[in-house]
Amino acid sequence: VAFIDWEMPGQDGWATCRAIRALGGAAGTPRLVMVTAHAHDALAQRASTGQDLPGSFLVKPVTAAMLRDAVAGSHGDNHPTGPAAAAPALSPRLRLRLQGMRLLLVEDNLNNQQVARELLEAEGALVHIANHGQEAVAVLGADGDAFDCVLMDLQMPVMDGFEATRAIRQQPGLARIPIVAMTANAMASDRQACLEAGMNDHVGKPFDLDHLVAVLRRQIHQAPDAMHGGPVALAPGLEPLVQAAAEAAGVDLHAALERMGGNQSVYLRSLRSFVAELATFPAQLQHHVEQADVAGTRRLLHSVKGLAATLGATALSRAAGAGERQLAGSAALTELADVGVAARMAITAALPALAGLVQTLAAPEPAAAAGPASALEASALAQALHALGALLTNSDMAATDAMARLRQQFGPALGQALKPLDDAIDALDLSAALTLCAQLREEHCQ
């Protein structure tokens, strides 16, 4: 396997991939994995040109679990072995309703991939990602028995969900694998189109976690399970501030958290990624308009519509959806400039308040001035930091939940001393977080 960065001086990753493939040789071409910090739209635009794509992509920051999945996927091996194959560690508030369920998630949007993967893995599922329909067809063709169910997005570059489903159903042995459509279009005609293409069920975007779990359990003939963790309450000292920030941003925060099973850490990471990506969209829209690229504009607006709805930014989602619908039909080109202006204005207007909500959610809890902890508190803090350090050492994403519990328990005593560690974990800089974790033990647990 060759891991290749996208942007490099002299020869970028795409040219490097082409050159490696041209080498050939008796041993064959190595599996190629593109590593990039580029956002979804850049990948989708590159894919839409019809170029020969690498076997898979990794989006920075990269974790050990992402590396494992990329290697497994590049070899068509969906049965990873050893410790990495174990189900992810579980927050105590949740029951594993999808324990051991093997899911193929077919989704081109990187933020949607992140949200769905984290929520499904937190329920015990083993998730493999295909970035578009053609990749899904290849993965299932290599080993159709590796999965219990397929979650299929409908609008994707290279090959959409309808075409991919029809191709899957034509392959021997794949006629009965459950395929569940995921789409932002929830009309009865859309559901019927999914069923006619060979899909078994349909869930809308933004999906509700409990509903999605129920659909998946039904499709693989498991009994319904009504138990769920329920929403995680915001820290009492922050709730008024967070609610005010959410209202200023036009975000229905409680509805968004409920859809995510109450997982506030997943929501914060997703919102932060969305805000960073959203900041690049006005320039991308302008470029699409200047190039008279109706399809590219619609694809970007579709992305904004779905992501904003998932995160509770309903007004922004509606504005993007209106622009997407306006570009449908033969007269789309004449309306492209107007749609582009309206969309850029909506995004530019929404960005400051959304960024403010990120800052409020990420802020440390109000606390009294930090002082020396009692012997009992120091012992408990040492145990918590030791457990967190073990998760960080193993690059285990359960560290995010452990950090949330540590912040809730010891935030009032430690105050701002926790912020660097919290920021490092939130940015998935696990190496820095491990160092900061050790420093906290030295400073506060002796």
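Predicted model: local features only at pLDDT ≥ 70, side-chain atom pairs only at ≥ 80, totals over all residues.
Good morning. The largest cavity in this structure is lined by 15 residues, and N112, V115, P206, F207 and T310 are the ones nearest its centre. Two elements, α4 (110-122) and α13 (294-310), each give two or more residues to that lining. The largest share, five residues, comes from α4.

Residues are numbered from 1 along each chain as its sequence is written, and side-chain values use heavy atoms, with hydrogens and water left out.

A cavity here is a set of points, on a 1 Å grid over the protein atoms alone, where a 1.4 Å probe fits but cannot get out; lining residues have an atom within 4 Å of a point. Helices (H or I, at least four residues) and strands (E, at least two) are DSSP runs, numbered from the N terminus.

I turn now to N131. This residue sits in the loop between β5 (126-130) and α5 (133-142). Is N131 buried or exposed? N131 is buried, because its relative accessible area is 11%, and buried means under 20% (1.4 Å probe, protein chains only). Its side chain forms a polar contact of 3.0 Å with the side chain of Q113, and another of 3.4 Å with that of E135. A polar contact is a pair of N or O atoms within 3.5 Å; within protein, one must be able to donate a hydrogen and the other to accept it, and residues adjacent in sequence count only if both atoms are side-chain atoms.

Terms used. 1 Å grid on protein atoms, 1.4 Å probe; cavity = no way out; pocket = protein on both sides within 12 Å on 5 of 7 lines; lining within 4 Å. Buried < 20%, exposed > 50% of the residue type's maximum accessible area, 1.4 Å probe, protein only.
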